[in-house]
Amino acid sequence: MNASRMIPFRAVAAAGLTVMAPAASAVTDLSRSLDLSGHFVGYLALALFGVAYGFVVLEEVLELRKSKPMMLAAALIWVAIAVVYKKEGMSDVAEAAIRHDVLDYGELLLFLIVSIAYINAMEERRVFDSLRSWLVNRGFSYRQLFWVTGILAFLISSVSNNMTTAMLMCAVVMAVGRENPRFVGLSCVNTVVAANAGGAFCPFGDITTLMVWQKGIVEFWTFFKLFIPSVVNFVIPAGLMYFAVPKGHPAPIPSKITLRRGAKRIVLLFLLTVLTAVGFQNGLQLPAAVGMMAGLTYLQLFGYFLHLTHRDEPAVGIDPLAGEAVTEEEPESTFRFDVFHHLARMEWDTLLFFYGVVLCVGGLNFIGYLHHLSDFLYGELGATSANTLVGVISALVDNIPVMFAILSMHPEMSTGQWLLVTLTAGVGGSLLSVGSAAGVALMGQAKGVYTFVTHLKWAPAILLGYLASIGAHFLLNAAMF
């Protein structure tokens, strides 16, 4: 399940400072860890993680936020580990291990804070609404709109999360194709595939890609060697679905959205922040998260400028779905730009879910299970078979724990194989509608039109694109294996 889904935070700085000091000794201490894979604690940890993940899968049915069971499982797993290590007089080893995992999560969290803050700021300044309005007004035919929304989903998801991108494009196809459910269903399938493929070739496009980059395993610009394979993954199923898209033009819909002041400059500041993060990581060998936090100051200072020069911004637009003028009757203060408001709007449940996943998987790794799994996958099956299988697994299980598990195993692989597992983990979720955040979100947004069965009908075409993208990677990047 691709979870490229996003989030907010406050008290991270103190935690980061606490973790950094002992992190250097973590690697040495971990070599003294006990193999508890055959111990009661090991079986208990597996059971806790399995039950917690069961609650995550049933989130919509139980209406229980996914972060709650996962965080509880993480706490209980490490309590069980700590009890055993305390009895053995090795509490310092368990402490070093969990600090190492918290540091990994802390870097990811700080990075996401900034990325999501910028996305939320652009949304509040109506960048995405403006793009949607522009598309609705262009007068595209159904078949043209099928390709336009797919290509835009592919490109936008390389710097934004796949769920936000997919929902933006879904809003467009539902606005212009509400009288043609077949067009909406096919376009939603295409959008999910495109959004997941677009996130695979850029470190900013998907959480799994970001984790591999932050670990320093693959250089920033090296990820772009996956661009053509990602295009193949998107284009092949799109090309097959194209012939099923109805012909004709949708009825014109009036739509007008005005950007709020500073919108374009915020987009430029986001691009500058991306370059800053790359410069910190590649040029200065500092964590990319530190560069992103530096980039957050760009937004903060620009927000201060907007505050000082504030003027009334009557928000008048036309709802493209209803075709009626809409005026926002909100007090003037609601239009003031406040960067901390955008931080507060982050998806905390998903971020805390990541925390639970990182500590659960880290605990299973510390117990010894991932070492045995690595021996089987990368020793007996081989790297290529194992990495191809990862994509299929990510259609059933969230790709975040899958990728974190692989990073925890840290198998000896060539750069080409690391790129392969990045590709498969990113695009494998497209095989099923429930395999990615984008698919799950669109099933709710286009309820009854885009369904599990609608997506499943095109699974063979999507699988063909998946296998073709792997072949393209081997063909184009053979020198990296």
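This is a predicted model: local features need pLDDT of at least 70, side-chain atom pairs count only at pLDDT 80 or more; totals for chains, interfaces and linings use all residues.
Local features need pLDDT of at least 70, side-chain atom pairs count only at pLDDT 80 or more, and totals for chains, interfaces and linings use all residues. Residues are numbered from 1 along each chain as its sequence is written, and side-chain values use heavy atoms, with hydrogens and water left out.

Start at the surface. Val 51, Phe 55, Val 57, Leu 58, Val 61 and Leu 62 form a nonpolar patch there. Together they have about 540 Å² of accessible area. Such areas come from the Shrake-Rupley method with a 1.4 Å probe, and for residues only the protein chains shown count as cover. Patch residues have over 30% relative accessible area and no salt bridge; like charges are joined within 9 Å, and nonpolar side chains (Val, Leu, Ile, Met, Phe, Trp, Tyr) within 5 Å. Helix 2 (40-57) and helix 3 (59-62) each give two or more residues to the patch. Helix 2 has the largest share, three residues. Helices here are DSSP runs (H or I, at least four residues), as are strands (E, at least two), and they are numbered from the N terminus. Leu 58 lies in the loop between helix 2 and helix 3. Leu 58 is partly exposed, at 41% relative accessible area. The scale is this: buried is under 20%, exposed is over 50%, and partly exposed is in between (1.4 Å probe, protein chains only).

Now look for open space. Rolling a probe the size of a water molecule over the atoms shows where empty space is left. A pocket is an open set of points on a 1 Å grid over the protein atoms alone, where a 1.4 Å probe fits, with protein on both sides within 12 Å along at least five of seven lines; lining residues have an atom within 4 Å of a point. The second largest pocket has a volume of about 730 Å³. Its lining holds 29 residues, and the closest to its centre are His 100, Asp 104, Lys 215, Leu 407 and Ser 408. Several helices supply at least two lining residues each, among them helix 1 (13-30), helix 10 (207-214) and helix 18 (399-409). Helix 5 gives the most, with seven residues. By class, the lining has 14 nonpolar, 10 polar and five charged residues. Here Ala, Val, Leu, Ile, Met, Phe, Trp, Tyr, Cys and Pro count as nonpolar, Asp, Glu, Lys and Arg as charged, and the others, Gly among them, as polar.

A search of the whole structure finds one salt bridge. Glu 95 is partly exposed at 39%, and Arg 99 is partly exposed at 23%.

Arg 126 sits in the loop between helix 5 and helix 6 (127-137). Most residues other than glycine have a negative phi. Arg 126 has a positive phi of about 70 degrees, although it is not a glycine. Arg 126 is buried, at 8% relative accessibility.

Arg 260 is in the loop between helix 11 (227-242) and helix 12 (263-283). Arg 260 is buried, at 12%. Arg 260 and Arg 125 are 135 residues apart in sequence, but 4.9 Å apart in space, C-alpha to C-alpha.

Asp 375 belongs to helix 16. Asp 375 is partly exposed, at 41%. Asp 375 and Pro 411 are 36 residues apart in sequence and 8.6 Å apart in space, C-alpha to C-alpha.

Methods: A salt bridge is a side-chain nitrogen of Lys or Arg within 4 Å of a carboxyl oxygen of Asp or Glu. Grid points are joined across faces, edges and corners, and a volume is the space filled by probe spheres set on the points.
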